[in-house]
Amino acid sequence: MAERHVPQEAMVVLRSDAKWRRLPPSDNQIWAIRGLYPEIRRSFRSDEEFHAGICSKYSRGEASALITARAERLKQGARR
């Protein structure tokens with residue numbers, strides 16, 4: 001029902017099987033993960049290794065899910 005209110009061009013981005021989700025994470029996503037997940041960053045010796053490690057482990061869609069999950073958790077913690 002909600003799909004009727006979403007513009008058709010936006011549906012391509014929102015679809016769970018959208019091609020962008022399989023691309024490597026963007027630089028902005030990698031920096032967001034670095035800031036939101038310091039425990040992951042600490043497991044690498046340098047920013048270059050961190051960047052390569054995130055790119056080899058996560059897709060753009062997976063990175064998006066990680067960022068959203070931590071941001072939601074932080075938002076919920078701030079409300080308490």
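This is a predicted model: local features need pLDDT of at least 70, side-chain atom pairs count only at pLDDT 80 or more; totals for chains, interfaces and linings use all residues.
**Packing of α2 against α4**

- Two packed helices are described by the angle between their axes and the distance between the axes.
- Helix α2, which covers residues 27–36, packs with helix α4, which covers residues 47–57, at an angle of about 110°, and the two axes are 10 Å apart.
- That angle makes α2 roughly perpendicular to α4, because angles of 65 to 115 degrees are counted in that class.
- The crossing of α2 and α4 is right-handed.
- On the α2 side the contact involves Asp27, Ile30, Trp31, Ile33 and Arg34, and these meet Asp47, Phe50, His51, Ile54 and Cys55 on the α4 side.
- Sorted by class, the residues in the contact of α2 with α4 comprise 6 nonpolar, 1 polar and 3 charged.

**Packing of α2 against α5**

- The axes of α2 and α5 come within 10 Å of each other and cross at roughly 35°, and the crossing of this pair is left-handed.
- Helix α2 contributes Gln29, Ala32, Ile33 and Leu36 to the contact, while α5 contributes Arg60, Ala63, Ser64, Leu66, Ile67, Arg70 and Leu74.
- By class, the contact of α2 with α5 has 7 nonpolar, 2 polar and 2 charged residues.

**The nonpolar core**

- The largest nonpolar core is made up of 10 residues, namely Ile30, Ile33, Tyr37, Ile40, Phe50, Ile54, Tyr58, Ala63, Leu66 and Ile67.
- Helices α2, α4 and α5 (60–79) each supply at least two residues of this core, and the largest share, 3 residues, comes from α5.
- Once neighbours within four places in sequence are left aside, Ile33 is in contact with Phe50, Ile54, Ala63, Leu66 and Ile67, each of which is listed in the core.

- Ile67 is buried, because its relative accessible area of 18% falls under the 20% cut-off.
- Although Ile67 and Arg34 are 33 residues apart in sequence, their C-alpha atoms are 9.9 Å apart in space.
- Leu66, also placed in helix α5, is buried, with a relative accessible area of 19%.
- Leu66 touches Ile33, Tyr37 and Tyr58 when residues up to four places away in sequence are not counted, and the C-alpha atoms of Leu66 and Ile33, 33 residues apart in sequence, are 7.5 Å apart.
- Arg70 is found in helix α5 and counts as buried at 15% relative accessibility, although arginine is classed as charged.
- Beyond its neighbours within four places in sequence, Arg70 is in contact with Leu36, Tyr37 and Glu39.

- Lys57, in helix α4, is exposed, because its relative accessible area of 59% is over the 50% cut-off.
- The C-alpha atoms of Lys57 and Pro25 are separated by 9.7 Å, while the two residues stand 32 residues apart along the chain.
- Glu62 lies in helix α5 and, at 42% relative accessibility, counts as partly exposed.
- Glu62 and Arg22 are 40 residues apart in sequence, and the distance between them in space, C-alpha to C-alpha, is 8.4 Å.

Notes. Residues are numbered from 1 along each chain as its sequence is written. Side-chain values use heavy atoms; hydrogens and water are left out. Axes are lines fitted to C-alpha atoms, for helices over the stretch in contact, and angles run from 0 to 180 degrees between N-to-C directions. Helices (H or I, at least four residues) and strands (E, at least two) are DSSP runs, numbered from the N terminus. Angles under 35 degrees count as roughly parallel, over 145 as roughly antiparallel, 65 to 115 as roughly perpendicular and the rest as oblique. A crossing is left-handed if the near helix is turned anticlockwise from the far one by less than a right angle, and right-handed if clockwise. Contact means heavy atoms within 4.5 Å. A nonpolar core is a set of buried Ala, Val, Leu, Ile, Met, Phe, Trp, Tyr and Cys residues joined through side-chain atoms within 4.5 Å. Buried means under 20% relative accessible area, exposed over 50%, partly exposed in between (1.4 Å probe, protein chains only).
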